[in-house]
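Subject: Structure for you to look at

Hello,

Here is the structure I said I would pass on. Please open it next to this email while you read.

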Amino acid sequence: MNFQWLPLLCWWLQAVKGNLFQEQLGTFSEIFHSLPGQFWNSECESKELTDISKQNANTLEAWSFFIHEIEGWYCSVQECCESGDCRLTNNITGLEHDLSKKLHGQHLAKEVVVKAVKGFSATKSPEKALALSFHGWSGTGKNFVAKIIADNLYRDGLRSECVHFYIAPFHFPHANMVDIYKGQLQQFILTAVQQCKQSLFIFDEAEKLHPGLIDAIKPYIDHYDHVDGVDFRKSMFIFLSNVGGNSINSLTLEFWRAGQNREEITMDDLEHQIQREVATSRGGFARSGLVTENLIDFFIPFLPLEYKHVKLCVRDALRSRGIKYDLDILDEVAKGLLYVPKEEKLFAAKGCKSVSQRVNFFLP
Ligand SMILES: *[C@@H]1O[C@H](CO)[C@@H](O)[C@H](O)[C@H]1NC(C)=O
């Protein structure tokens, strides 16, 4: 047998072993169980990737075809895309860790997101796709949490081929083109889930989605086994909107005025209020069957952020740029923001939104 191709396969397998399919490695090594022991022990160590360049181009081509075939076959039996680029990590520990360390002032969002995603990813065959709806004013962390979810469930985070991000007014700007968008979106979702069962669809500014578009998405979130021959029940939909923000803000203010800790606010205090505000608000999201037929699994509130939370955002922004800071700088940046209501000046009007740009003033 000719072992010339081994370095390439070694390299590929090691890449695979190191990065993708971490969860499924058991299955994966079984496939190659029959390969000789020396394959792992000596050949992989001694041969460098550079050896490949010395090889005959035809051999390389033949083997890359072979690898492509294996990859395709492997992907057809496992949770990953045809391209092999869709790498699920489903790291719930990482999700919990990131939400605890990087998200500030959102005890409810943290708790409910972990609970929902953990439960969903642990269920072998869920009844329906997971649908989460994030509510709150801008800058409170809705996008940030969506990113954290993507980062921990997919190796390539938001760049993963399994993750699809829409900004309603940007991707679907013209109301008179709704029928075209509808067809495109449905086709897109169908193809995406065909290629990657655990796809994640994020809709930002969901309150601006046309009702027709939400109805187009609805069948994929409903309790059907299959839609057009495709099983959607492993995919996830996240809607981000500012609907409900008013209820959330006034309740948080009430707690503060009553001298209560904001961490004492419970889902019971807020979930129904949000649902009510969603149901009575204008726009497609509110009127769609998605909400009225209870297809949203969790309505997740994002509370308005206080001065102390903004300071933590400033600290994180400085740290992530590797800048040494003292506490005065945190105050200085945090003081530069606008706080509401007028009397109390309690909540940052734009949350942590402009913090990362403001920090740039302090770059050496
Ligand atoms: C999951 O995330 C944690 C925390 O970020 C990290 O330490 C760990 O290595 C990750 N696990 C995997 C399998 O990627």
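This is a predicted model: local features need pLDDT of at least 70, side-chain atom pairs count only at pLDDT 80 or more; totals for chains, interfaces and linings use all residues.

Residues are numbered from 1 along each chain as its sequence is written, and side-chain values use heavy atoms, with hydrogens and water left out.

The protein has 18 helices and seven strands (DSSP runs numbered from the N terminus: helices are H or I with at least four residues, strands are E with at least two). Of its 364 residues, 48% are buried (buried is under 20% relative accessible area, exposed is over 50%, and partly exposed is in between, with a 1.4 Å probe and protein chains only). Among contacts with a separation of 6 or more, 77% join residues 24 or more positions apart (a contact means heavy atoms within 4.5 Å).

Helix H11 covers residues 211-221, and eight of its 11 residues are buried, so the rest of the structure largely encloses it. Among the buried ones are Leu213, Lys218 and Tyr220.

The unreviewed UniProt entry lists a "binding site" that includes Gly136, Trp137 and Asn143; such annotations may be inferred rather than shown by experiment. Of the listed residues, Gly136, Lys142 and Asn143 are among those in the lining of the largest pocket.

Are Gly136 and Asn143 buried or partly exposed? Gly136 is buried, at 0% relative accessible area, and is found in the loop between strand S1 (130-135) and helix H8 (142-153). Leaving aside neighbours within four places in sequence, the contacts of Gly136 include Lys142, Ser241 and Phe302. Asn143 lies in helix H8 and is partly exposed, at 35% relative accessibility. With the neighbours within four places again left aside, Asn143 is in contact with Phe165, Asp204 and Leu240.

Last, a helix pair. Helix H12 (residues 245-257) and helix H13 (residues 267-280) pack at an angle of about 145°, with their axes 8 Å apart (axes are lines fitted to C-alpha atoms over the stretch in contact, and angles run from 0 to 180 degrees between N-to-C directions). The residues that make this contact include Ile248, Leu251 and Phe255 of H12 and Leu270, Ile274 and Glu277 of H13.

Regards

Key. On a 1 Å grid over the protein atoms alone, a cavity is a set of points where a 1.4 Å probe fits but cannot get out, and a pocket is an open set with protein on both sides within 12 Å along at least five of seven lines; lining residues have an atom within 4 Å of a point.
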